[in-house]
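Subject: Structure handover and aromatic contacts

Dear colleague,

Please find below the structure that I am handing over to you. My notes on its aromatic side chains follow.

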Amino acid sequence: MPKLPRLRRSSSLPGLSLSLGITVFWLSFIVLVPLSAVFLKSASGGLDEFVAAAFSSRALASYKVTFGAALIAAAVNVVFGLLIAWVLVRYEFPLKRLVGALVDLPFALPTAVAGIALTALYADTGLIGRQFAELGIPIAYTPAGIVVALTFIGLPFVVRTVEPVLAEVSREAEEAALTLGASRLQTFGRVILPTLFPALATGFTLAFARGAGEYGSVIFIAGNMPFKSEIAPLLIITQLEEFDYVGAAAIAVVMLLVSFGLLLVLNVLQHWQQRRLGT
């Protein structure tokens with residue numbers, strides 16, 4: 001039989017060349033040009049000045065606080081985000097839609113408002129902070145307060161990443177494992193968790209990346225003490241206020257490189273997840 005001509009897919013967008021050109025131009029104008037300016041500004045003082053600014057003792061201390069708090073907060077969110085996603089997917093209960101909307105509240109709430117609210121709540125005179133202060137465990141104006149703020153703003157990333165994947169997990173596989181004598185813990189660890197792991201890793205990376213660059217919700221509760229509770233974004237603002245633009249750009253470059261690395265990891269995890277799901 002003679003081959004029938006292949007039908008060309010119609011598209012409402014212009015051709016590839018024009019669409020690709022617009023895409024590259026817009027990305028360059030919005031993303032690449034500003035980021036390139038940061039790299040060029042950081043290099044304007046020479047390598048020695050860049051190293052001195054980006055890896056000073058104060059900068060290293062701020063990296064430790066920033067990335068350490070973001071790592072702890074992301075790990076906490078993986079545990080509780082999975083629990084919340086499990087409840088939202090597997091159970092029906094009154095006010096379920098309200099609980100689901102509360103999960104997204106950190107997305108909609110201005111970060112400064114979140115920071116003020118958390119500070120009022122976890123300060124030594126606050127409703128929760130007072131209880132910890134009596135035990136000799138201060139929360140506000142310490143690195144612990146930073147972890148609390150980053151946990152608050154990072155939770156939706158884990159929940160919303162895990163939720164659709166959990167909804168697609170086969171109930172038949174769970175029932176088969178239970179029928180064959182596996183306990184509920186074994187079923188979760190050997191049947192459900194391997195399927196959810198790529199989504200959990202993606203949510204962890206997103207929460208970590210957001211926490212590493214967070215500013216508004218942290219500065220009110222952190223205390224902002226150099227070498228103790230000063231985050232890297234705040235140090236950049238401090239350098240700018242002192243007109244040390246090269247130093248601020250050098251610290252920003254370090255943050256950008258870490259962000260690029262996280263984005264690379266995130267894309268690898270997403271590709272892995274798609275392959276596991278057979279898409």
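By about how much of a helix are Phe25 and Phe29 separated in helix H1? The two residues lie four apart in helix H1 (residues 16-43), so about one helical turn separates Phe25 from Phe29. Please note that the model is predicted.

The structure contains seven aromatic pairs. In the pair of Phe25 and Phe29, the ring centres are 6.2 Å apart and the planes meet at 15 degrees; because planes under 30 degrees apart count as stacked, this pair is stacked. Phe25 is exposed, its relative accessible area being 55%. Phe29 is likewise classed as exposed, with a relative accessibility of 51%.

A further aromatic pair is formed by Phe107 and Phe157, whose rings are edge-to-face, with 5.1 Å from centre to centre and 90 degrees between the planes. This pair links distant parts of the chain, since Phe107 belongs to helix H5 (residues 105-108) and Phe157 to helix H8 (residues 143-167), 50 residues apart. Phe107 has a relative accessible area of 41% and is therefore partly exposed. Phe157, by contrast, counts as buried at 18% relative accessibility, because the cut-off for burial is under 20%.

Tyr63, Phe67, Phe204 and Phe208 are joined into a cluster by ring pairs.

Yours sincerely,
A colleague

Technical notes. Residues are numbered from 1 along each chain as its sequence is written. This is a predicted model: local features need pLDDT of at least 70, side-chain atom pairs count only at pLDDT 80 or more; totals for chains, interfaces and linings use all residues. Side-chain values use heavy atoms; hydrogens and water are left out. Rings of Phe, Tyr and Trp (its six-membered ring) pair if their centres lie within 6.5 Å; planes under 30 degrees apart count as stacked, over 60 as edge-to-face and the rest as tilted. Buried means under 20% relative accessible area, exposed over 50%, partly exposed in between (1.4 Å probe, protein chains only).
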